[in-house]
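Got the sequence and the 3D view open?

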Amino acid sequence: YRTHIQDIGWETNWKKDNELSGTSGQSKRLEAIEIRLTGQMEEKYDVYYRVHAQNFGWMGWAKNGEQAGTAHYSYRLEAIEIVLVPKGHLGPSDEKEAFNDQRAQ
């Protein structure tokens with residue numbers, strides 16, 4: 001996993017095994033996240049996730065390292081829902097966008 005951090009942007013390095021993603025003691029909000037599986041888990045499962053973003057509400061589902069959340073709005077992530085789905089099975093879906101970057105508009 002890695003996160004998009006207020007005033008910093010996307011973390012350069014991916015985190016794993018309970019490592020801190022974001023900042024500590026700087027009062028910076030998390031704005032978006034990417035999650036991916038590795039090793040045997042990556043071979044057997046797809047990871048789906050969606051976020052609840054300030055002023056957007058629940059956003060669409062992202063999958064296997066895709067971006068979920070917002071960037072350049074200064075809106076915080078308020079919740080994350082994560083689902084593991086066996087490879088070859090249908091995961092959750094909807095018509096909503098999983099990620100919205102204000103600079104792309």
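What follows covers the overall picture, then the sheet, then some single residues.

**A few ground rules**

This is a predicted model, in which local features need a pLDDT of at least 70 and side-chain atom pairs count only at pLDDT 80 or more, while totals for chains, interfaces and linings use all residues. Residues are numbered from 1 along each chain as its sequence is written, and side-chain values use heavy atoms, with hydrogens and water left out.

**The whole chain**

The chain has 1 helix and 9 strands. Helices (H or I, at least four residues) and strands (E, at least two) are DSSP runs, numbered from the N terminus. Going along the sequence, the pattern reads β-β-β-α-β-β-β-β-β-β.

How wide is the C-alpha trace along its principal axes? The spans are about 40 × 30 × 20 Å.

Of the 105 residues, 36% count as buried. Buried means under 20% relative accessible area, exposed means over 50%, and partly exposed is in between (1.4 Å probe, protein chains only). The accessible surface of the chain comes to about 6600 Å², and 43% of that belongs to carbon and sulfur atoms. These areas come from the Shrake-Rupley method with a 1.4 Å probe; for residues, only the protein chains shown count as cover.

A contact means heavy atoms within 4.5 Å. Among contacts in the chain with a separation of 6 or more, 58% are between residues 24 or more positions apart.

As for charge, the mean positions of the 13 positive and 16 negative charges are 3 Å apart. Lys and Arg count as positive and Asp and Glu as negative, with His and the chain ends not counted. Each charge is placed at NZ of Lys, CZ of Arg, CG of Asp or CD of Glu.

Which strands make up the open sheet, and in what order? There are 5 strands in the order 2-1-3-7-9, and the pairing is mixed. Strand 2 and strand 9 (99-101) stand at the edges with a single partner strand each, so one side of each has no neighbour in the sheet. Two strands pair if DSSP finds at least two bridges between them.

| Strands | Sense | Bridges |
|---|---|---|
| Strand 1 and strand 2 | antiparallel | 2 bridges |
| Strand 1 and strand 3 | antiparallel | 4 bridges |
| Strand 3 and strand 7 | antiparallel | 2 bridges |

Start with strand 1 (2-5). R2 and H4 point one way from strand 1, T3 and I5 point the other way, and all are buried. In a regular strand the side chains alternate between the two faces of the sheet. On the strand 2 side, H4 has W10 as its bridge partner. On the strand 3 side, T3 has I33 as its bridge partner, and I5 stands opposite L30.

Strand 3 (30-34) is largely enclosed by the rest of the structure, because 4 of its 5 residues are buried. Its A32 stands opposite G69 in strand 7, which covers residues 68-71.

**Turns and loops**

Strand 1 and strand 2 form a hairpin with 3 residues between them, and D7 in the turn has a positive phi of about 65°. Most residues other than glycine have a negative phi.

Q6 sits in the loop between strand 1 and strand 2 (9-10). Buried or exposed, what is Q6? Q6 is buried, with a relative accessible area of 13%. Apart from neighbours within four places in sequence, Q6 is in contact with S27, K28, R29 and E31.

S27 is found in the loop between strand 2 and strand 3. Its relative accessible area is 72%, so S27 is exposed, and its phi is positive at about 55° although S27 is not a glycine.

N18 is also placed in the loop between strand 2 and strand 3. N18 is exposed, with a relative accessible area of 80%, and its phi is positive, near 70°.

**Over to strand 8**

E78 lies in strand 8 (residues 77-86) and is partly exposed, at 37% relative accessible area. Leaving out neighbours within four places in sequence, E78 is in contact with H52, A53 and Q54. E78 and R29 are 49 residues apart in sequence, and their C-alpha atoms are 9.8 Å apart in space.
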